[in-house]
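The following exercises are to be worked with the sequence and the model side by side. Each task is followed by a solution in steps.

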Amino acid sequence: MTNPTRILLIDDDAVDRAAVRRALAKSGLAHTLTEAAGGEDGERLASEETFDCILLDYRLPGIDTFALLKTLLAAEGEARAVLMLTGEADPDLATRLMRTGALDYIDKAEVTPSGLARAIRFAEARRAFQAELAEARREAEAKSLELDTLNRQKSLLFSIIAHDLRNPFQALLGLSEVLGKAVAARDPASIERRAKGIHEAATQAYALLESLFSWASLQMDTLAVTLTDVDLGTLAGDVLKGAAEAASDKGLSLEASCDRTVVRAQRDMLATVLRNLVSNAIKFTLPGGTIAVAARREGDAVEISVTDTGVGMPPGRVDDLFRLDRRTTTNGTAGERGSGLGLLLCRDLVERQGGVLEVRSAVDRGTTFLFRLPVSGTVHAASTATGS
């Protein structure tokens, strides 16, 4: 059974309201009718109740009809069909009202049961079509945005392959050629120097490829992430042990204060995030500095942070860190080079686990990266020095 059409009639003339009431009663249209004798009452009723169709008198005392029409059409989530009732045969006025959003213009002198029912049905059908069209437009815009993002990602990958990846391989080719000449000349010092350069270039190329493949794989992976209980203290300890040599080479101290902390996370993803953030901190911290991984309970979540005492960043740089279209690379305090992909990878991995990666930084005062994950256990801080 079809639901009756809910109609609101706004007209200050009692005779005209009675004429519309009689026409609707004879029309055969299943409906419920609510009447308002003025614009203010009509606007109030429209805000309090839901109507499928509104019959609005053009001449209402003390009311700007065009402003009222816009108000009636602006209700969020409402799919209202508004038909204008008037005693004026003015084609220009009809055009203006239709452009404002009215779906039809009915002369009061020509209100008949069949004509009124036909106009209401047509207006409802047209309004439904407009709603479907608007939804289709929103879906198209969302798809366009998604495709635009994918296109930027593709451009980023091509940019990395064309520029970033070329440099270490050019170094490998050049150094290997010089190494061959050094071997022929039996120059041990030159051989050692060139071999070290080849190793550094290969390490850089491998790190770039690893970040590139991890990030690209993440963009293509649509599988749901399964969260499990992860011992953050143990995981952070493993990450810091893996970074101990690099930190020692720069004279840095590594600390963790997240013992007996268990979070809901995907262990490999969380490990990758911590490794990248600790590696990034080492890169931008001067000798004698400290890098700390910490956990702090916040209600039903644990705030996980990686803090360094490094060179820090100005506000503008912080704002662009996670902008795909503004990917930049900055050499570390010892000339270390990066791909600019590490933080993008961290952001995506954190979001896949339901968190948001944030950054706080100040020039010459260090940087803190932090995110929150659901708690599963008790946070008990116990600071542990891991390396220096």
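The model is predicted, so local features need pLDDT of at least 70 and side-chain atom pairs count only at pLDDT 80 or more, while totals for chains, interfaces and linings use all residues. Residues are numbered from 1 along each chain as its sequence is written, and side-chain values use heavy atoms, with hydrogens and water left out.

**Exercise 1. The whole chain**

Task: State how many helices and strands the protein chain has, and describe its burial and contacts.

Solution. Step 1: The protein chain holds 11 helices and 13 strands, where helices (H or I, at least four residues) and strands (E, at least two) are DSSP runs numbered from the N terminus.
Step 1: Of its 388 residues, 38% are buried; buried means under 20% relative accessible area, exposed over 50%, and partly exposed in between (1.4 Å probe, protein chains only).
Step 2: Among contacts (heavy atoms within 4.5 Å) with a separation of 6 or more, 73% link residues 24 or more positions apart.

**Exercise 2. Strand E12 and its partners**

Task: Determine which strands pair with E12 and why E12 is described as largely enclosed.

Solution. Step 1: Two strands pair if DSSP finds at least two bridges between them.
Step 1: Strand E10 (residues 301–308) runs antiparallel to E12, joined by 8 bridges, and Glu 303 stands opposite Arg 372 of E12.
Step 2: Strand E11 (residues 358–362) is also antiparallel to E12, over 5 bridges, with Ala 362 opposite Gly 366.
Step 3: E11 and E12 make a hairpin with 3 residues between them, and Asp 364 in the turn has a positive phi of about 65°.
Step 4: Strand E12 (residues 366–374) has 7 of its 9 residues buried, so the rest of the structure largely encloses it.

**Exercise 3. Helix H11**

Task: Explain why H11 is described as largely enclosed.

Solution. Step 1: In H11, 9 of the 11 residues are buried, so the rest of the structure largely encloses this helix.
Step 1: Its buried residues include Cys 346, Arg 347 and Asp 348.
Step 2: Just after H11, Gly 354 has a positive phi of about 90°.

**Exercise 4. Rings and cysteines**

Task: Classify the aromatic pair and count the disulfides.

Solution. Step 1: Rings of Phe, Tyr and Trp (its six-membered ring) pair if their centres lie within 6.5 Å; planes under 30 degrees apart count as stacked, over 60 as edge-to-face and the rest as tilted.
Step 1: This rule gives 1 aromatic pair.
Step 2: The ring centres of Tyr 58 and Phe 66 are 6.4 Å apart and their planes lie at 80°, so the pair is edge-to-face; both residues are buried.
Step 3: With a disulfide taken as a pair of cysteine sulfur atoms within 2.5 Å, the count is 0.
Step 4: Cys 53 is buried at a relative accessible area of 0%, and Cys 258 is buried at 1%.
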